Amino acid sequence: MRNPLSERIVEIPFSGIRKFFDIAAEMKDVISLGVGEPDFDTPWHIRDEGIYSLEKGRTAYTSNAGLKELKIEISRYLERRFHVSYDYDKEMMITVGGSEAIDIAMRAMIDAGDEVLIPQPSYVSYEPCAVLAGATPVIINLKEENDFRLTAEELEQAITPKTKILVLPFPNNPTGAIMERKDLEAIARIVIEHDLFVISDEIYAELTYLDEHVTIASLPGMRERTVLINGFSKAYSMTGWRLGYACAPKEILEQMLKIHQYAIMCAPTTSQYAAVEAVRNGDADVSQMREEYNGRRRYLVKRLREMGMPCFEPYGAFYAFPCVRQFGMSSDEFATRMLQEEKVVVVPGTAFGACGEGFLRISYAYSLSKLKEALDRMEHFIDKIN
């Protein structure tokens with residue numbers, strides 16, 4: 001019988017996060033600090049708008065690019081919060097989460113043999129999406145001594161004549177690293193000099209704790225070179241609503257929309273109506289959740305350092321990325337033993353790229369009481385192995 005499977009797909013590994021959740025699912029009394037999902041319910045006024053849309057019978061398809069009313073609100077939001085302007089009609093589309101936007105942006109822009117620069121540690125989807133689009137992923141290893149930021153020197157060294165796209169994953173999952181304006185300005189100069197394009201994943205843009213987030217699309221000469229990706233999962237605690245968006249120059253957006261049109265049709269209608277309410281009236285919710293995360297962030301980092309786990313200061317998202325090299329174990333071994341012996345789930349840094357070896361991703365998208373119990377168990381584990 002002929003092999004029914006694509007070799008390209010078979011060679012792509014499953015997410016390194018999956019193993020730990022499969023094990024944890026069979027255990028009792030497990031505390032997970034592994035999921036990158038807000039523990040808040042979607043704010044009631046947003047849920048209520050989704051319910052109301054169903055009660056009014058708004059259950060038909062929207063246009064392929066998304067609900068006009070939602071795109072107008074997103075356009076106003078981006079200008080108000082991040083000082084970048086997009087034509088809602090020609091330069092914006094609503095997607096099924098930010099992940100779909102990453103996938104179709106790469107497929108719309110890449111030809112076989114093109115190289116995509118992917119800073120790691122970073123979100124697990126970038127590299128597989130590049131492979132699925134026919135590109136050659138080129139990994140840039142981010143360094144702890146640089147606070148896991150992408151430097152101009154690292155970018156310059158990775159560029160070849162085949163380089164076409166730079167993925168810019170900040171604020172970063174899993175490290176919590178951010179890029180400030182001066183960092184982005186240095187990157188932008190190189191991108192323009194080498195005639196590259198940027199896919200900027202800004203899903204954690206609202207979850208920054210140092211200064212306000214800066215999008216590279218707002219810098220001179222970069223709007224026409226950038227696909228800006230964002231969504232509603234993290235900022236508004238709307239993970240299950242599966243809603244994101246992409247903003248890009250018209251010629252790129254049109255081709256992304258073509259793929260979306262054939263593969264998806266449109267994002268969920270109910271979610272889009274709820275998202276109108278989120279963008280229009282959700283600033284206070286975002287601010288409240290951000291403050292809560294910031295308190296958890298400070299508590300987590302303090303406890304980790306007190307346990308003898310060095311941890312750089314994460315100023316974005318809701319993750320810490322402590323070092324465990326001092327314990328004489330690999331990241332995978334540390335995470336596996338802690339799950340088996342203390343029933344605490346964390347994710348080894350290698351799930352986000354080989355250069356994540358020696359680190360763990362710990363999410364603080366959990367209540368302080370749950371964090372305290374998990375960290376007490378972690379401290380007990382460290383006392384045993386020291």
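1. The largest pocket is lined by 27 residues, and those nearest its centre are Gly-36, Tyr-123, Asn-173, Tyr-204 and Lys-234. Its space comes to about 520 Å³, where a volume is the space filled by probe spheres set on grid points that are joined across faces, edges and corners. A pocket here is an open set of points on a 1 Å grid over the protein atoms alone, with protein on both sides within 12 Å along at least five of seven lines, while a cavity is a set of points where a 1.4 Å probe fits but cannot get out; lining residues have an atom within 4 Å of a point. Helix H5 (residues 97-109) gives the largest share of this lining, four residues, with helices (H or I, at least four residues) and strands (E, at least two) taken as DSSP runs numbered from the N terminus. By class, the lining has twelve nonpolar, ten polar and five charged residues, where Ala, Val, Leu, Ile, Met, Phe, Trp, Tyr, Cys and Pro count as nonpolar, Asp, Glu, Lys and Arg as charged, and the others, Gly among them, as polar.

2. On provenance, this is a predicted model, in which local features need pLDDT of at least 70 and side-chain atom pairs count only at pLDDT 80 or more, whereas totals for chains, interfaces and linings use all residues. Residues are numbered from 1 along each chain as its sequence is written, and side-chain values use heavy atoms, with hydrogens and water left out.

3. The second largest pocket holds about 410 Å³ of space. Of the 23 residues that line this pocket, Pro-13, Val-124, Glu-127, Pro-128 and Ala-351 are the closest to its centre. Helix H1 (7-11), helix H6 (126-132) and strand S4 (136-141) are the elements that give two or more residues to the lining, and H6 provides the largest share, four residues. The lining of the second largest pocket divides into 13 nonpolar, seven polar and three charged residues.

4. The largest cavity has a volume of about 70 Å³, and among its lining residues are Ile-74, Tyr-77, Glu-206, Asn-230 and Tyr-245. Helix H4 (68-82) and strand S7 (226-231) each supply at least two residues of that lining, which has nine nonpolar, two polar and one charged residues.

5. The second largest cavity contains about 60 Å³ of space, and its lining includes Phe-170, Pro-171, Ile-178, Glu-202 and His-213. The lining has eight nonpolar, three polar and one charged residues. The peptide bond from Phe-170 to Pro-171 is cis, with omega near -10°, and Pro-171 is placed in the loop between strand S5 (163-168) and helix H8 (181-193).

6. A cis peptide bond also joins Gln-120 and Pro-121, with omega of about 5°, and Pro-121 lies in the loop between strand S3 (115-120) and H6. For context, most residues other than glycine have a negative phi, and most peptide bonds are trans.

7. His-83 has a positive phi of about 60° although it is not a glycine, and His-83 is found in the loop between H4 and strand S2 (92-95). Ala-317, likewise not a glycine, has a positive phi of about 60° and is placed in the loop between H11 and strand S9 (319-320). His-83 counts as exposed at 58% relative accessibility, whereas Ala-317 is buried at 0%; buried means under 20% relative accessible area, exposed over 50%, and partly exposed in between (1.4 Å probe, protein chains only).

8. Helix H11 (residues 283-306) and helix H13 (residues 368-385) pack at an angle of about 10°, with their axes 11 Å apart; axes are lines fitted to C-alpha atoms, for helices over the stretch in contact, and angles run from 0 to 180 degrees between N-to-C directions. The two helices H11 and H13 are therefore roughly parallel to each other, a term that applies to angles under 35 degrees. Residues making the contact (heavy atoms within 4.5 Å) include Arg-296, Tyr-299 and Arg-303 of H11 and Leu-371, Asp-376 and Glu-379 of H13. The residues of this contact divide into seven nonpolar, no polar and five charged.

9. Leu-210 lies in the loop between strand S6 (197-201) and S7, and is partly exposed, with a relative accessible area of 37%. Not counting residues up to four places away in sequence, Leu-210 touches Ile-178, Glu-180 and Tyr-315.

How values were computed
Parallel < 35°, antiparallel > 145°, perpendicular 65-115°, else oblique.
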